[in-house]
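Open the model in your viewer and keep the selection panel at hand. The stops below go from one side chain to the next.

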Amino acid sequence: MKAAIFDLDGTLVDNLRFHVQAWVALSRGLGLDIPAERFEREFNGRRNEEILPALLGRPVPPEELARLAERKESHYRALYAPHLTPLRGARELLTRLGNAGVRLAVASAAPRDNRAFVLDGLGLRPLFSHVIGAEDVTRGKPAPDPFLAAARALAVEPSACVVFEDAVNGILAARAAGMLAVGVTTLTPAEALREAGAHWVIDDFATLPEPLERVLFGGAV
């Protein structure tokens with residue numbers, strides 16, 4: 001396998017409950033009664049530019065969108081900052097992959113400040129050749145665009161990529177991109193990830209299924 005592409009939120013870090021808390025707080029502040037489950041089920045993996053109009057039920061002008069997005073994201077970072085830590089085994093797996101010559105990228109709907117908060121806060125950025133964000137694509141997950149952009153940046157064919165993802169939308173995007181997909185069960189149940197098309201499902205990165213180990217490190221493509 002030539003490349004591994006990682007989602008950020010819920011994959012490299014187990015932070016989604018803090019995102020959900022921030023979304024619920026924002027929606028209540030706007031006079032909306034949006035259950036946490038909707039953010040978990042429908043919006044996980046999607047861009048703020050897609051989430052906010054869906055939440056409000058109307059087009060959102062750019063200035064208002066930027067203001068509301070920053071209100072939510074700054075609240076999320078304040079909530080999660082005391083808990084910032086990589087998912088178990090993440091740093092070790094990234095180091096192993098890099099040492100094995102596997103090219104690494106992040107493909108995430110997270111805004112730039114959130115990506116910096118995690119990748120720089122944990123010192124993970126040097127392990128990745130490229131970081132693809134929401135601003136780099138026109139469509140977020142479940143469209144394949146973020147993962148295809150990562151493959152182009154890494155100069156590898158989609159079929160030579162493995163994606164690590166926690167969200168159903170992300171698994172759907174990886175499969176639509178023609179990539180192998182590994183589901184991470186930080187928030188989404190294993191069965192839902194499998195139903196979306198995940199080839200393997202893991203709880204964290206500390207122990208990988210033997211067939212996945214062979215794909216990543218044994219030369220299989």
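Select Y80 first: in this predicted model its relative accessibility is 1%, under the 20% cut-off, so Y80 counts as buried. Y76 and Y80 both belong to helix 4, 4 residues apart, which puts about one helical turn between them. An α-helix has 3.6 residues a turn, so residues three or four places apart point the same way.

Next, go to helix 2, residues 36-43, and show F39 and F43. Here too the spacing is 4 residues, or about one helical turn. Both F39 and F43 are buried. Their ring centres lie 5.8 Å apart with the planes at 50°, a value between the 30 and 60 degree limits, so this pair is tilted. Return to Y76 and Y80 for the ring geometry there: the centres are 6.1 Å apart and the planes meet at 15°, which is under 30 degrees, so the pair is stacked.

The model has 10 aromatic pairs by this rule. To see several rings joined, select F6, F128, F164 and F205, which ring pairs link into a cluster.

For a charge over a ring, display R96 and F217. R96 lies over the face of F217, 4.0 Å from the ring centre.

The last stop is helix 6, residues 112-119. Which of its residues are buried? Colour N114, R115, F117, V118 and L119 to see them. Then show what the buried residues of helix 6 pack against: helix 1 (16-29), helix 4 (62-80), strand 2 (103-107) and strand 3 (130-132).

Terms used
Residues are numbered from 1 along each chain as its sequence is written. This is a predicted model: local features need pLDDT of at least 70, side-chain atom pairs count only at pLDDT 80 or more; totals for chains, interfaces and linings use all residues. Side-chain values use heavy atoms; hydrogens and water are left out. Buried means under 20% relative accessible area, exposed over 50%, partly exposed in between (1.4 Å probe, protein chains only). Helices (H or I, at least four residues) and strands (E, at least two) are DSSP runs, numbered from the N terminus. Contact means heavy atoms within 4.5 Å. Rings of Phe, Tyr and Trp (its six-membered ring) pair if their centres lie within 6.5 Å; planes under 30 degrees apart count as stacked, over 60 as edge-to-face and the rest as tilted. A charge sits over a ring if NZ of Lys or CZ of Arg is within 6 Å of the ring centre and within 35 degrees of the ring normal.
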